[in-house]
Amino acid sequence: MTYSLYQTIIYCWMAIGLATFILLLKVTAPYGRHTKTSWGPLISNRLGWMIMELPVMIVLMCFVLTNIENQNAVTWFLIAAFMFHYINRTFIFPFRIRTSGKKMPLVIVGSAVFFNLVNGFSLGYYFGHFAHYDLDWFVDLKFISGLIIFISGIIINWNADNKLIALRKPNETRYVIPQGWLFSYISCPNLFGEIIEWFGFALMCWNLPALSFFIWTCANLIPRALSHHKWYKEKFADYPQNRKAVIPYLI
């Protein structure tokens, strides 16, 4: 595949991401607290998480390992940063959440699998065929600032996850209003952290597929945060009115 054709595919994928963003502002994806049985068969949300997240790692590594001679310390570092997030999301996070008995629609799992297959291809094919980083990229301002932002996003995301998980006792499924820390400003610090994380990754990589991944992250997570925020306000009469959904003081 030529780089020109590859670019065209990624630009089309980015355009689909923007269209998806508009769609999700109007239609709430039915999983988690928004799950609906009207969307078809359901499976365990733990199993669903694993099935959804695993494909992106498999596809990315298939492309990388079949062109291993194209890799150097920089590309391996960037790949490791990406895999670090997804190892947690696939094999650790699903077993930490206290959502006993909760399920998600298979249609959501299927759509997420497709999403991750495309993203695994876009990043894996780039690293396998087109990536050319000199070792001095490690001291480039874009890499350094991106790494700092990436790590900051992970810290925010994980800390928010820990606080949300701690709100429930084992086997509990009730919802309560999160308090303190970034929850004083936004309803979804976990999603805010993930948005920051992938913005940092896009800076670190400074390539088209990483930018596409960030655009898709925003397209998925901003509407989801807005849905969560609306749900909180409808469920709890005493929900703090000064909180935003996902970006402090803005959204």
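1. Helices and strands here are DSSP runs, numbered from the N terminus: helices are H or I with at least four residues, strands are E with at least two. On that basis Trp137 sits in the loop between helix 4 (106–130) and helix 5. The note returns to this residue below.

2. The model is predicted: local features need pLDDT of at least 70, side-chain atom pairs count only at pLDDT 80 or more, and totals for chains, interfaces and linings use all residues. Residues are numbered from 1 along each chain as its sequence is written, and side-chain values use heavy atoms, with hydrogens and water left out.

3. Fold layout. The chain holds seven helices and two strands. Read from the N terminus, the order is α-β-α-α-β-α-α-α-α.

4. Overall dimensions. The radius of gyration is taken over C-alpha atoms, and the globule rule is 2.2 Å times the number of residues to the power 0.38. For 251 residues the rule puts a compact globule near 18 Å; the chain has 19 Å, which agrees. Along the principal axes, the C-alpha atoms fill a box of roughly 55 × 40 × 35 Å.

5. Burial and surface. Buried means under 20% relative accessible area, exposed over 50%, and partly exposed in between (1.4 Å probe, protein chains only). Of the 251 residues, 49% count as buried.

6. Contacts. A contact means heavy atoms within 4.5 Å. Take contacts between residues at least 6 apart in sequence: 83% of them join residues at least 24 apart.

7. Charges. Lys and Arg count as positive, Asp and Glu as negative; His and the chain ends are not counted. Each charge is placed at NZ of Lys, CZ of Arg, CG of Asp or CD of Glu. The tally is 20 positive and 11 negative side chains, with the centres of the two sets 17 Å apart.

8. Aromatic pairs. Rings of Phe, Tyr and Trp (its six-membered ring) pair if their centres lie within 6.5 Å; planes under 30 degrees apart count as stacked, over 60 as edge-to-face and the rest as tilted. The whole structure has 40 such pairs. One of them joins Tyr133 and Trp137: the centres are 5.7 Å apart and the planes at 50°, so the pair is tilted. Both residues are buried. Phe138 and Phe143 form an edge-to-face pair, 5.4 Å centre to centre with 80° between the planes. Phe138 is partly exposed at 29% relative accessible area, while Phe143 is buried at 4%.

9. Aromatic cluster. One cluster consists of Trp13, Phe82, Tyr86, Phe114, Phe115, Phe150, Trp198, Phe201, Phe213 and Trp216.

10. Trp137. Relative accessible area is 12%, so Trp137 is buried. Not counting residues up to four places away in sequence, Trp137 touches Val74, Lys142, Phe143, Leu203, Met204, Cys205 and Trp206. Trp137 and Cys205 are 68 residues apart in sequence, yet 9.5 Å apart C-alpha to C-alpha.

11. Arg89. This residue belongs to helix 3 (residues 73–96). Arg89 is buried, at 5% relative accessible area. Setting aside neighbours within four places in sequence, Arg89 contacts Trp49, Glu53, Pro94, Asn157, Asp161 and Glu194.

12. Leu60. Helix 2 (residues 45–65) contains Leu60. At 1% relative accessibility, Leu60 counts as buried. Beyond neighbours within four places in sequence, its contacts are Ile79, Phe82, Gly120, Leu123 and Gly124. Leu60 and Pro94 are 34 residues apart in sequence and 21 Å apart in space, C-alpha to C-alpha.

13. Backbone points to check. Trp181 is not a glycine, but its phi is positive, about 55°. Trp181 lies in the loop between helix 5 (141–166) and helix 6 (189–205), and is partly exposed at 33%. Trp206 also has a positive phi, near 50°, in a residue other than glycine. Trp206 is in the loop between helix 6 and helix 7 (208–235). At 53% relative accessibility, Trp206 counts as exposed.
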